[in-house]
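Me: I'd like to learn how to read a few features of a model. Could you walk me through it?

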Amino acid sequence: METLLNRYRNITVLLLVIFAQLVLIAVQVRNDQDVRMVRVWSITAITPLARVLEAIRGGASGFFQNYILMHDARADNRRLQGELDRLKMENQFLKTEISTADRAKALVAFQQHTQSRTMAARVIAAGAGANSKVVFLDRGSGSGVEKGMAVVTPDGIVGKVIAAYPTASEVMLVTDPEFAAGVVSQKNHVVGTLKGQGQSACKVDYVPSEEKVEVGENFYTSGDDRIFPKGFPVGVVRVVRPGSPYQEVLVEPTGLQHGVEAVLIVLEGVHQAIPEVPPANAPVYLGTPPPPAPGEQPIQPTGLVGTDADRLLQKYRQIGAAENHKFGEGGPGAKPPDFNIKVPPPAAGEPATSQSPAAEPASGRAGERANSPSAAAEKKAAPVAGDVHRTPKPANPVAPSPARPLAGSVPPGQSPPQ
Amino acid sequence: MTEYGDRYLVGNQREQVSRFRARVMLAVPLAAILFQVYVPRFLEFLGYLELPLLVTIYFALMRRSQIGGLFIGAFIGLAQDSLSIKQPLGMFGIVKTLVGYFAASVGLRIDVEHSVIRFLLTFFFYFFHQFLYWVLARGLLGRQIPFEIQLTLVLGLLNAVVGVTLFHFLDKLREPA
């Protein structure tokens with residue numbers, strides 16, 4: 001140290017003297033803002049250095065912090081990715097469980113509903129062949145399964161048992177080329193033979209060309225094969241091609257649409273009826289209106305009329321009420337009511353006409369049976385106001401049949417008598 | 001300049017180092033400063049003479065000591081600052097410190113007894129003095145003063161002429177070897 005100072009003694013002294021004088025200047029001089037130059041110089045000298053140091057510190061700190069954060073982010077990313085994968089698998093598992101539970105529930109419901117004696121079984125394996133349409137069930141001869149038994153699901157037939165082992169059984173699916181079953185169409189009861197093709201669709205053979213089979217129509221088992229009881233759903237017609245002497249009908253089996261997991265083995269089959277095709281304009285059931293709450297007035301029909309016939313009918317009723325005439329009473333030759341008297345129009349908000357007590361129940365339930373077939377049949381059987389046109393007295397055009405009150409034949413909301 | 005170089009040069013020119021009495025070392029600079037601050041009040045054109053600078057150059061050259069030269073320059077400069085109104089202490093001090101240091105450094109290496117050398121050195125250090133003062137005034141004080149090169153060069157020549165004469169006179173004040 002001493003050698004160093006001796007070596008640079010002159011320049012050191014020079015720098016010290018100059019520095020001392022610089023300090024002297026700095027202490028004396030003030031700048032335009034009346035700040036001593038020593039402060040200005042100090043700040044000017046220090047701040048760039050501090051800025052550089054801060055930049056270095058911030059950069060280093062940011063670098064390490066970002067690095068650490070990135071490191072953590074990568075770790076978090078890996079952890080979250082793993083958690084996402086786990087949740088995906090769990091979600092898929094739960095979906096499968098829900099689907100399985102739904103199928104099991106449907107299977108139990110079907111098992112309780114059907115008249116045939118069945119036994120639930122699960123598919124435990126599939127056939128080893130590439131084009132194999134064979135599955136193995138977890139029920140075998142030990143459970144009472146025998147060769148030739150039908151295997152179904154609530155959606156449709158699945159196949160038939162071709163081998164029964166002590167603890168398992170082998171089932172040929174409906175799509176197997178060697179599979180065959182008697183089927184009948186739902187609409188026109190066209191009989192054919194369902195055969196597998198090794199594909200997803202099956203073929204219905206021996207359907208004469210003159211028979212009518214529609215696309216979208218359902219086929220059911222006919223019971224002719226002594227394997228499948230009659231009335232089990234088979235599939236939906238997808239393709240119909242004309243041919244001679246038999247037309248080509250392709251059916252998509254409904255029993256295999258959602259995969260095969262849980263099935264029913266038909267131990268003792270009972271034939272059941274093939275459900276009828278629902279009519280296009282099937283009646284809609286309308287429930288009874290809710291009872292009025294305490295203190296609430298029941299809803300009365302307003303008696304609003306729309307057509308001229310309605311107004312004429314209303315007018316005749318008012319005339320009859322004014323003259324104390326009951327339509328339908330009185331034999332031939334009796335005095336008819338005077339239809340020329342003036343009747344004041346009903347007040348607003350009042351019912352247009354008073355209905356007879358006998359008509360009340362009928363009018364109250366008429367709405368719920370408006371579209372039902374029984375209501376239509378009843379309407380046919382009951383005489384209506386239109387029947388008065390066939391009476392021998394043209395002066396009494398609204399004379400109803402004595403078997404049914406006039407008011408009851410015109411329920412609110414229904415077309416008035418013609 | 002390293003210590004080894006200084007010792008080598010000093011050893012070779014030890015016999016050329018001029019020595020002055022202490023009262024001369026004090027009186028001459030004071031006289032130069034008094035002349036600088038007093039005479040121009042009556043003879044304004046003499047204000048262009050930088051006698052303190054010339055004295056600094058002379059003692060630094062002749063003493064051939066860098067530390068001695070810088071202290072002489074610092075002393076004369078601070079004294080000049082202290083007698084100058086509106087001049088912060090240190091401005092002339094810094095400038096003359098550097099001039100004394102570099103003048104002594106030059107005096108260690110060349111023969112400064114020759115008049116032409118003295119003339120050139122005086123001219124150069126006057127220009128260096130003026131330029132350094134201008135730089136410090138702008139840099140440290142923020143004063144926007146102009147630097148007139150031609151005037152500075154002319155005044156440098158004038159001061160060099162006066163300096164050669166002054167140096168010849170001051171040589172008489174040296175102690176005999």
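Predicted model: local features only at pLDDT ≥ 70, side-chain atom pairs only at ≥ 80, totals over all residues.

Me: Leaving aside its neighbours within four places in sequence, which residues is B:Lys96 in contact with?

Reply: Residues are numbered from 1 along each chain as its sequence is written, chains are lettered from A in the order in which they are written, and side-chain values use heavy atoms, without hydrogens and water. Contact means heavy atoms within 4.5 Å. With those sequence neighbours left out, the partners of B:Lys96 are B:Glu50, B:Pro52, B:Leu53, B:Thr56, B:Gly73, B:Ala74, B:Ile76, B:Gly77, B:Gln80 and B:His129.

Me: Is B:Lys96 buried or exposed?

Reply: Buried means under 20% relative accessible area, exposed over 50%, partly exposed in between (1.4 Å probe, protein chains only). B:Lys96 has 0% relative accessibility, so it counts as buried.

Me: How is the size of an interface given?

Reply: Often as the accessible area lost when the parts come together. Here the area is taken with a 1.4 Å probe and summed over both parts. Chain B and chain A bury about 1,700 Å² between them, with 71% of it on carbon and sulfur atoms.

Me: How many salt bridges does the rule find across the interface of chain B and chain A?

Reply: The rule asks for a side-chain nitrogen of Lys or Arg within 4 Å of a carboxyl oxygen of Asp or Glu. Between chain B and chain A it finds 0. As for residues in contact, 21 of chain B meet 17 of chain A.

Notes
Buried area = accessible area lost by both parts, 1.4 Å probe.
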